Amino acid sequence: MINETTLNSLLKWRTFKTNVHMAANALKLSDKDATQELLNELVSHRFNRYTAAELSELVAAHDVNLGWAITYGRLDLISKHYKQLGKRAQMEHAAELEDISTGIIKLADDSGNTTEISEFKLQQVVSMFPTAKSKTFVDLTLRYGKLEVQAVLKLSNKQYQRRLRNATSYVNKHRSKFDLVTDNKRDRQLYVLNSLNELDAIINETRDGNIQDWIDSHVKLVNELLADSDVRYQGAVLNHWETASKADQYKFVQQVINAQTKAQEWLDQSNRAIKQAGEAQSN
């Protein structure tokens with residue numbers, strides 16, 4: 001399917017070499033091993049639609065669509081590697097997929113500041129975008145920055161900026177969707193649920209503890225609960241639980257139950273979104 005002349009031209013093509021380097025970094029392989037892995041993936045899937053003659057012409061012309069095929073082939077290769085980790089995570093820790101170690105990469109902003117994120121977590125975020133084209137753009141931009149993306153995708157500065165605006169606009173319009181698979185919101189909801197479960201156990205005396213001590217340890221959360229409640233004398237509940245009226249105690253407990261339910265429902269929805277993100281990567 002691919003003759004020696006075509007192969008040599010492919011190996012010299014910047015798009016191919018860039019994707020090899022990206023695959024090597026992601027999979028922690030040498031460039032030589034990554035070259036072989038990417039070639040195997042492309043020949044088995046992305047290139048099998050072409051005859052040997054067609055492929056030779058496209059490589060020689062540095063065809064844009066073939067360049068996309070190489071980029072997608074590299075993403076397929078990485079996705080298949082992490083798919084196995086993702087599937088195992090779903091079976092073993094369905095609610096905590098982001099804790100599975102799938103390789104750590106560093107995202108850099110324009111000021112040179114870096115943020116560490118797991119490969120699997122990055123793929124969860126990328127999977128929230130609506131099209132394969134937007135997924136690829138965001139994935140490459142987060143990993144390698146503007147200049148590398150422009151080189152690989154052959155984008156002018158104007159084209160790059162337009163795609164970046166579109167991606168940013170999509171995130172802003174669908175913020176709740178992205179919150180489901182990112183850490184900060186999940187951490188907050190886990191904290192709320194675990195804290196309220198602890199209070200519930202104290203109230204029902206299934207564990208040792210004092211309600212006022214719990215309140216004193218969770219003042220910010222209690223204030224948030226009180227702000228959304230029908231408790232009349234909120235200061236009494238916050239500072240003097242034992243002497244607060246039975247009516248206000250009851251209203252506070254009802255607010256706790258409502259908040260527990262909401263936190264659990266949110267986390268259930270988040271877990272489903274994370275699972276779907278993992279399944280999307282495997283397709």
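**Close-ups of helices and loops**

**View 1. Lys154 sits in the loop between H7 and helix H8 (157-173).** Helices here are DSSP runs of H or I with at least four residues, strands are E runs of at least two, and both are numbered from the N terminus. Lys154 isn't a glycine, yet its phi is positive, near 55 degrees. It is partly exposed, at 42% relative accessible area (buried is under 20%, exposed is over 50% and partly exposed lies in between, with a 1.4 Å probe and protein chains only). You're looking at a predicted model, in which local features need pLDDT of at least 70 and side-chain atom pairs count only at pLDDT 80 or more, while totals for chains, interfaces and linings use all residues. Residues are numbered from 1 along each chain as its sequence is written, and side-chain values use heavy atoms, with hydrogens and water left out.

**View 2. On one side of the Lys154 loop, H7 packs against H8.** The two axes come within 11 Å and cross at roughly 150 degrees; these axes are lines fitted to C-alpha atoms over the stretch in contact, and angles run from 0 to 180 degrees between N-to-C directions. That makes H7 roughly antiparallel to H8 (the label applies to angles over 145 degrees).

View 3. From H2, the contact takes Arg14, Thr15, Thr18, Asn19 and Met22; from H7, it takes Leu140, Tyr144, Glu148, Ala151 and Val152. The class count for H2 with H7 is 5 nonpolar, 3 polar and 2 charged residues.

View 4. With a relative accessible area of 38%, His62 is partly exposed. Back in H4 itself, look for Leu55, Leu58 and Val59, which are buried. On the face of H4 turned away from that buried side, you'll find Glu57 and Ala60, both exposed.

**View 5. Gln255 belongs to helix H14 (residues 246-282).** This glutamine is buried, with a relative accessible area of 14%. What does Gln255 touch once its neighbours within four places in sequence are left aside? The contacts are with Leu225, Asp228 and Ser229.

**View 6. Zoomed back out, the protein chain shows 14 helices and 2 strands.** It has 283 residues, and 45% of them count as buried. Among contacts in the chain with a separation of 6 or more, 58% join residues 24 or more positions apart.

Technical notes:
Contact = heavy atoms within 4.5 Å. Nonpolar A, V, L, I, M, F, W, Y, C, P; charged D, E, K, R; others polar. Parallel < 35°, antiparallel > 145°, perpendicular 65-115°, else oblique.
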